Amino acid sequence: MTDVKIVEPTIFDLSSPGRTGVTMPASDVPAADLPPQHLLRADLPLPELAEVDVVRHYMHLSKFNYSVDSGFYPLGSCTMKYNPKINEDTCRLPGFLFTHPLQPIETVQGNLALMYTMQEWLKEISGFAAVTLQPAAGAHGEFCGVLIMRAYHKSRGDHKRTKMIVPDSAHGTNPASAGMLGMSIVVIPSDERGNVDLEKLKAACDDTVVGMMLTNPNTLGMFDEHVEEIIKIVHDCGGLMYGDGANLNALLGIVRPGDLGFDVMHFNLHKTFAVPHGGGGPGSGPVGVAERLADFLPEPLVGIIEEGDEEEPPLFGFVKPEKSIGRMKAFHGHFGGGLVRSFTYIAMHGPDGLKDVSQYAVLNANYLQAKLRDTYTIPYDRICMHEFVAEGRFEGSDVRALDIAKRLMDYNFHPPTNYFPLIVHEALMIEPTETENKDSLDAFADALIKIAEESKSQPELLHSAPHITPFGRMDEVKAARELVLCCWLPENYSDQ
Ligand SMILES: *Cc1c(COP(=O)(O)O)cnc(C)c1O
């Protein structure tokens, strides 16, 4: 691999003594004594720059970023759809922006009304009896859901249940969430159609099973053809059925997990309902539960504590479910960044619009799969949901999925997810989302077909890609193992 030397100037290289970007106003309070001398530093390692220097520096750096606003972003499982800008306007409305979670409830009735409505909408969308908005993201929602499953069994005096069943096509966070609670994981293989192997599932089900965590559609982009049978098998041995709802983008307005018989499910608002995520954006992982689990939800939920009438609106406040597992988070979830944005998205679409979202997401994925089928091996080749998985390798060639992913950057596309799911060799997991038009899907398919040709004619071009990006091929292992997190500090800095 090429050894990349980063030559970008740091903000310290740009510093010039005496240059400044702010003018301090005259003090309007009396001067106080400074702390004792031994607690003071003579100088701070701060760069000295004017406002324009800072703006240009960061603008320059931001142009290295690839974003969903700058191009196609088919990162499978992540649902990188375009985030409508009206969401940004609403979450910045002063009434939402300048409130604090500890304010008296009478002063934040609008916020509470929004949260209450969101709980109701998510119930309607998913078919569950009750919803909490607290969890911070998908994996946190899973952890919350598994805590609820455990609390349910314990409340019935059923203490021997310690096993969680997870198919090999599940998202990696599923076994991790159950494992964090000390449960042992029983992995069930997929059959040749990408469904859960029913015989193996039956063999694993007994009275020590907490339940099963099913990602559906799974990480192959397949809707399990026996989902109702699977749920029945798990219920018959006294287990609960967890649905990983991160892939809900394929199902909106078409099928409701609650109606299928799932007992608990997390949503990924940041994926399904257009909240910018990745690179540290806020997640939001509400959890929906069936009636028999509603008492175990984390506290507090938003409820109506005084009914309204024709003249007065209802009074919203916080309520505690009877056997609550407790809090999942300080305060009430990611309000502005998560809930207000996704509330806006749902309100703008309405029920018919949400159904369109899923139908276009599924159509786009199937269109791309059909265009690529003759060039790339699709190991589980049937009608897919919102994403599909191809193999990034060709017979007789040493080109790998990583080479294809890097070469796509030269064609100005963000690479798809690669090397996941683990059950496909050299996986390329492609999720176009509903927000792409036919032109961009065609251009992406053309690029992948061109790359397949290049793999025969000029394989070295792929091995050394990308070529047009500011930095070439990175050593990703080194970057992960030898983290340099403070390269912005000047070389001679010491905090002693
Ligand atoms: C993204 C994802 C998760 C985890 O969600 P986070 O918000 O990233 O924690 C879980 N399951 C599936 C299928 C996912 O795609």
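Reply: Let's start with Leu220, which sits in the loop between β4 (209-215) and α8 (227-236). (Helices here are DSSP runs of H or I with at least four residues, strands are runs of E with at least two, and both are numbered from the N terminus.) Before going further, a word on the source: this is a predicted model, where local features need pLDDT of at least 70, side-chain atom pairs count only at pLDDT 80 or more, and totals for chains, interfaces and linings use all residues. Residues are numbered from 1 along each chain as its sequence is written, and side-chain values use heavy atoms, with hydrogens and water left out.

Is Leu220 buried or exposed? Its relative accessibility is 2%, so Leu220 counts as buried. The cut-offs are under 20% relative accessible area for buried and over 50% for exposed, with partly exposed in between, using a 1.4 Å probe and protein chains only.

So who are its neighbours? Leaving aside residues up to four places away in sequence, Leu220 touches Gly194, Tyr380, Glu387, Phe388, Val389, Pro421, Ile423 and Val424. A contact means heavy atoms within 4.5 Å. Glu306, on the other hand, is 86 residues from Leu220 in sequence and 47 Å from it in space, C-alpha to C-alpha.

Two of those neighbours, Phe388 and Val389, lead us to strand β10, which covers 388-391. β10 belongs to an open sheet of 3 strands, in the order β10-β12-β11, with antiparallel pairing. β10 and β11 (417-418) are at the edges with a single partner strand each, so each has one side left without a neighbour in the sheet. Strands count as paired if DSSP finds at least two bridges between them; β10 and β12 (residues 427-430) have 4 bridges, in the antiparallel sense. In one of these pairings, Val389 has Met429 in β12 as its bridge partner.

Another neighbour, Pro421, is in the loop between β11 and β12. Most residues other than glycine have a negative phi, and most peptide bonds are trans. Elsewhere, the bond from Glu299 to Pro300 is cis too, with omega near -10°, and Pro300 is in the loop between β7 (287-289) and β8 (301-306).

Thr433 isn't a glycine, yet it has a positive phi of about 65°. With 1% relative accessibility, Thr433 counts as buried. Thr79 also has a positive phi, of about 45°, without being a glycine. You'll find Thr79 in the loop between α1 (51-62) and α2 (86-91), and it is buried, with a relative accessible area of 0%.

Now zoom out to the whole protein. It has 15 helices and 12 strands, and buried residues make up 48% of its 496 residues. Among contacts between residues at least 6 apart in sequence, 72% join residues at least 24 apart. As for extent, the C-alpha trace spans about 75 × 70 × 45 Å along its principal axes.
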